[in-house]
Amino acid sequence: MSELLLNHLSGRAQAGTGPGTALHDPVLGTELARVDATGLDLAAGFAFAREQAGPALRALTYAQRGALLAAVGKVLQANRDRYYEISTANSGTVKNDTAVDVDGGIYTLGTYAKLGEGLGERKHLLDGEMVRLGKDPAFQSQHVLLPTRGVALFINAFNFPSWGLWEKAGPALLSGVPVIVKPATATAWLTQRMVQDVVEAGILPPGALSVVCGSSAGLMDQLQPFDVVSFTGSAETAAIIRSHPAVARGSVRVNIEADSINSAVLLPDAGSESLDLFVKEVAREMTQKSGQKCTAIRRAFVPSDLYDAAAQAIAARLAKTTVGNPRNETVRMGALVSRGQLAAVRGGLAELQQHTEVLHDGSQQALVDADPAVACCMAPTLLGARDPDGNPVVHDLEVFGPVATLMPYRDAAHAFALVRRGQGSLVASLYGSDAGALSAAALELADSHGRVHVISPDVAATQTGHGNVMPQSLHGGPGRAGGGEELGGLRALNFYHRRAAVQASTGVLQNLAA
Ligand code: NAP
């Protein structure tokens, strides 16, 4: 039987008492390890984090906690080769895709370490300036931010077992809030291993970072009023989290990152250079991490006279993508994470195909070094919808794999209306060369997106990528995308702090700034 991965809770390693759930290699089909959370005393684990780790973290300044994050980053860096191996085995990713997850996580942590240094030797934050409450200048109001005295529970998705942990844990730990992470079962190994390495390095106070692998049963029941929960995953599970009695009873703060039908728009009169950039980005977004990115382009919009040219150019790029076993150096795109996901993506693609034409057919492509009967690999497929107005499914169905739909539009207003049919997305990207038209379009779409990524020829070489989440910028989206807000530099700390107004004499308030 394969190795049973340990949970880390109450400041110690703990094995589940059940037989466990097997994790598999999605390319070879072999069993890699098992996870199990049966029999854990979750109440004791949450209490330990709240009562032991919370005070220990809050006793430190932001700069000291930033230094802890930097030390955690060093541990991760030292074990990076092992994380690449685990990622290839358990997520089926090629090296470049592993980098997005592993190195992206380390980079994000490093960014929060530096932000902590910048906040300096203080234990609370001021929010805004003192404000007079009446005519008397001696009695004023000052808003303050204090770390919440609870636990941050992260329930994470399968696609980013590293980055998904650190992009949340960086801001939480910097804020002084202990973390309990429950990774998605299919790819839990990398999260488990990273937490284990960090815990064993003894950098953080005991209980500051815990991992529970396997079933989520009972986790939400532990939540108390000053805890927070940050969820990434499907809209269905998000609805369960939001309506959980512990959340409703204790006003537990919830952050949700759910599914999102992200767009890319080639603006009217964008020019051939912008068309090339658009084509490149759409093809890259479809294939990076096999399309298993919450931010990936799902809908691509072009002026109607460029529909055929864009379709051919994207298809030509996709045809060059070698798909199969990530251990083969010639392979550019690895696997989906599981047979379940492969079935879900195939099912979603079949449904979309009932409403679209196929512009590039991935099902015809042979896999490299992988058995199609076993490997969870599929080549990218580009679909097209010539009548996007009368086609609700293409704006509504998220296929979480290497699939996107190309659509023509009449004019800019039509394009923006079509983009908005996604009902709120994580990101939209715009392609063009006229700075005025690009900035107007960005403002037009900003209210329904967490991020608008604008690509013009002058930033072709330096732009950070449509789907790449940078810690300096907001990650999240309104409406269907879950309504969450993560990252965005110091803005991320708000979620882990409580805001209060202190009304007092100017002299008292001046002490708060010290
Ligand atoms: P999921 O089924 O909702 O699972 C997400 C997480 O929730 C997993 O850790 C899962 O654990 C856990 N979970 C499942 N049922 C639960 C319950 N009743 N109570 C508490 N936790 C529960 O999502 P998925 O299908 O694995 O994830 C893929 C989806 O995530 C995609 O469709 C994508 O739209 C979305 N996603 C969004 C973002 C974003 O940032 N917006 C990022 C990545 C993915 P188990 O694994 O043990 O079931």
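## Salt bridges, domains and a ligand site

Trainee: Hi! How many salt bridges are there here?
Mentor: The count comes to 14 salt bridges, where a salt bridge is a side-chain nitrogen of Lys or Arg within 4 Å of a carboxyl oxygen of Asp or Glu. This is a predicted model, where local features need pLDDT of at least 70, side-chain atom pairs count only at pLDDT 80 or more, and totals for chains, interfaces and linings use all residues. Residues are numbered from 1 along each chain as its sequence is written, and side-chain values use heavy atoms, with hydrogens and water left out.

Trainee: Which residue forms a salt bridge with E85?
Mentor: That's R82, with the closest N and O atoms 3.0 Å apart.

Trainee: And where do E85 and R82 sit in helix α3?
Mentor: E85 and R82 are three residues apart in helix α3, so about one helical turn separates them. Helices here are DSSP runs (H or I, at least four residues), numbered from the N terminus.

Trainee: New topic: how is the protein divided into domains?
Mentor: Domain 1 covers 7-258 + 487-512, and domain 2 covers 262-469. Those bounds come from an automatic or database domain assignment. The domain centres, taken over C-alpha atoms, are 31 Å apart.

Trainee: How many residues of each domain are in contact?
Mentor: 23 residues of domain 1 contact 28 residues of domain 2, contact meaning heavy atoms within 4.5 Å.

Trainee: Which side chains make the salt bridge between them?
Mentor: There is one salt bridge between domain 1 and domain 2. R327 and D25 meet in a salt bridge through their side chains, at 2.7 Å, N to O. On the side of domain 1 that touches domain 2, α3 (80-91) and α4 (95-119) each supply at least two residues.

Trainee: Which residue has a polar backbone atom by a ligand nitrogen?
Mentor: That's A258, whose polar backbone atom is 2.7 Å from a nitrogen atom of the ligand.

Key:
A polar contact is a pair of N or O atoms within 3.5 Å; within protein, one must be able to donate a hydrogen and the other to accept it, and residues adjacent in sequence count only if both atoms are side-chain atoms.
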